[in-house]
Amino acid sequence: MSDQDARTLLVIVDAANVVGSVPDGWWRDRHGAAQRLRDRLAVHGLPGYDGPVEIVLVVEGAARGVESVPGVRVEPAPGSGDDHLVEVVAGAVGRPCLVVTADRELRRRVTELGAEVTGPRAVRG
């Protein structure tokens, strides 16, 4: 890992939780809702944060077909989205991590690994 990578904040977004945080009809098109979130992240990054960030969007279920775009790497969870998100955090040894979710159990699991946590509003605008 380069020194730059070690300083770049890794932002890991729980797509299902963030999409589900606003009752805007997302349940009718989960794939489209995840794409819209991905696109918002690609344009706006992490609002209010000036440093370099790497954004990973963890998707599951019907959203698994969402592709990566410049600025957002999409990670399809082979099973549980929460378990995959924890694996991404665990694999980021030595990097600052910020997980975006409101899921209490997931928050507990990732903070035990040293990640910081913020809620969906941090990326929803």
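Guide: Here's a tour that starts with the strands and then moves on to the helices. Keep in mind that this is a predicted model. The sheet is an open one, with 5 strands in the order β3-β2-β1-β4-β5 and parallel pairing. Out at the edges you'll find β3 (72-76) and β5 (116-118), and each has a single partner strand, so one side of each is left without a neighbour in the sheet. On average, neighbouring strands are turned by 25° against each other, if you ignore direction.

Let's zoom in on the β3 end. Its pairing with β2 (residues 53-59) is parallel and runs over 5 bridges.

Now for the helices. Helix α3 (residues 30-44) lies across β1 (9-14), β2 and β3, and runs at about 175° to β2. α4 packs on the sheet too, touching β1, β2, β3 and β4 (97-100), and its direction makes about 175° with that of β1.

α4 (residues 81-90) also has a helix partner: its axis and that of α5 (residues 104-111) come within 10 Å and cross at roughly 20°. With angles under 35 degrees counted that way, this makes α4 roughly parallel to α5. The crossing is right-handed. As for who touches whom, D82, D83, L85, V86 and V89 on the α4 side meet L106, R109 and V110 of α5. Sort the residues of that contact by type and you get 5 nonpolar, 3 charged and no polar.

Note on methods:
Residues are numbered from 1 along each chain as its sequence is written. This is a predicted model: local features need pLDDT of at least 70, side-chain atom pairs count only at pLDDT 80 or more; totals for chains, interfaces and linings use all residues. Side-chain values use heavy atoms; hydrogens and water are left out. Axes are lines fitted to C-alpha atoms, for helices over the stretch in contact, and angles run from 0 to 180 degrees between N-to-C directions. Helices (H or I, at least four residues) and strands (E, at least two) are DSSP runs, numbered from the N terminus. Angles under 35 degrees count as roughly parallel, over 145 as roughly antiparallel, 65 to 115 as roughly perpendicular and the rest as oblique. A crossing is left-handed if the near helix is turned anticlockwise from the far one by less than a right angle, and right-handed if clockwise. Contact means heavy atoms within 4.5 Å. Ala, Val, Leu, Ile, Met, Phe, Trp, Tyr, Cys and Pro count as nonpolar, Asp, Glu, Lys and Arg as charged, and the others, Gly among them, as polar. Two strands pair if DSSP finds at least two bridges between them.
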